[in-house]
Amino acid sequence: MDYYLINGAELHVEEFVLADDHTAIAIDCTSAEAALRIRREPALVRSISRVEASAAFGVLPAQLPDRHPLPYAPLVLTDAEPLYRTLFAGRLSTVDDLILAWEMTPSEEPNVAGVARRTGAEWRLRDVGPGVAWAVDLTAFPDRAADLLPEIRATARRFGLIPVTVERFS
């Protein structure tokens, strides 16, 4: 579950609804309208404070009344390890700090800031919209992805990114 304070006044809480293959199929949230706004309006993204939200609001909703469905069509091409792409809106507070947090090796690949490797998994931090959007491409089998995807989303949130969706390619 994640929470944001928008423009210092509006509390928004949300959580991804995941399919069996760990891809995002919906967002349960306090407001589907707010969920769309924070992903579509770059100026609004800059007004969001997770730190202030946790300090100002001690009680989060027990239930999230709105569900915003996401397009869901996994693209399965082979039996190879799947590629999970987590798309993020917003700007990183600092790219270097996120690379350090994930113990990434800087990359020479175009638009790839760094590559991290752990047993049975590899992920790349990719700039997919200069100054606007980032993606993390995780290559791992589903059981390993189930462990790493929540960690990847949580770490990226700490550095100012807002998860938009999780897609799967094989």
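Ser107 sits in the loop that links β6 and β7, where helices (H or I, at least four residues) and strands (E, at least two) are DSSP runs numbered from the N terminus. The model is a predicted one, so to speak of local features a pLDDT of at least 70 is needed, side-chain atom pairs count only at pLDDT 80 or more, and totals for chains, interfaces and linings use all residues. Residues are numbered from 1 along each chain as its sequence is written, and side-chain values use heavy atoms, with hydrogens and water left out.

With a relative accessible area of 18%, Ser107 counts as buried; buried means under 20% relative accessible area, exposed over 50%, and partly exposed in between (1.4 Å probe, protein chains only). Leaving out residues up to four places away in sequence, Ser107 touches Val112, Ala113, Gly114 and Val115, a contact being heavy atoms within 4.5 Å. Ser107 and Arg126 lie 19 residues apart in sequence, and their C-alpha atoms are 10.0 Å apart in space.

Now for the protein as a whole. Of its 170 residues, 46% are buried. Take the contacts between residues at least 6 apart in sequence: 64% of them join residues at least 24 apart. The protein exposes about 8800 Å², with carbon and sulfur atoms supplying 53% of that area; accessible areas come from the Shrake-Rupley method with a 1.4 Å probe, and for residues only the protein chains shown count as cover.

Next comes the sheet. Six strands make up an open sheet, in the order β6-β7-β8-β9-β5-β10, and the pairing is antiparallel; two strands pair if DSSP finds at least two bridges between them. β6 (105-106) and β10 (162-169) are at the edges with a single partner strand each, so one side of each has no neighbour in the sheet. In general, strands of a sheet pair through backbone hydrogen bonds, either parallel or antiparallel.

Inside the sheet, β7 (residues 112-118) and β8 (residues 121-129) pair in the antiparallel sense over 6 bridges, and Arg118 stands opposite Ala121 in β8. These two strands, β7 and β8, form a hairpin with 2 residues between them, and Gly120 in the turn has a positive phi of about 75°. On to the next pair: β8 and β9 (residues 133-140) are antiparallel too, over 8 bridges, and Glu122 has Thr139 in β9 as its bridge partner.

Thr165, found in β10, is buried, with a relative accessible area of 10%. Not counting residues up to four places away in sequence, Thr165 touches Phe16, Ala24, Leu70, Arg85, Thr86 and Leu87.

The helices come next, starting with α1 (residues 32-40), whose buried residues are Ala32, Ala34, Ala35, Ile38 and Arg39. They cover an arc of only 165° around the axis, which puts them on the same side of α1; the arc is that of the directions from the helix axis to the C-beta atoms. Glu33 and Arg40 are exposed on the other side of α1.

Pro142 belongs to helix α5 and, at 28% relative accessibility, counts as partly exposed. Apart from neighbours within four places in sequence, Pro142 is in contact with His22, Pro82, Tyr84 and Arg168. With Pro82, the C-alpha to C-alpha distance is 7.5 Å, although Pro142 and Pro82 are 60 residues apart in sequence.

The largest pocket has a volume of about 260 Å³. Of the 16 residues lining this largest pocket, Ile48, Arg157, Phe159, Gly160 and Leu161 are the closest to its centre. Elements giving two or more residues to its lining are α2 (42-46), α3 (50-56) and α5 (142-158). A pocket, on a 1 Å grid over the protein atoms alone, is an open set of points where a 1.4 Å probe fits, with protein on both sides within 12 Å along at least five of seven lines, and lining residues have an atom within 4 Å of a point. Grid points are joined across faces, edges and corners, and a volume is the space filled by probe spheres set on the points.
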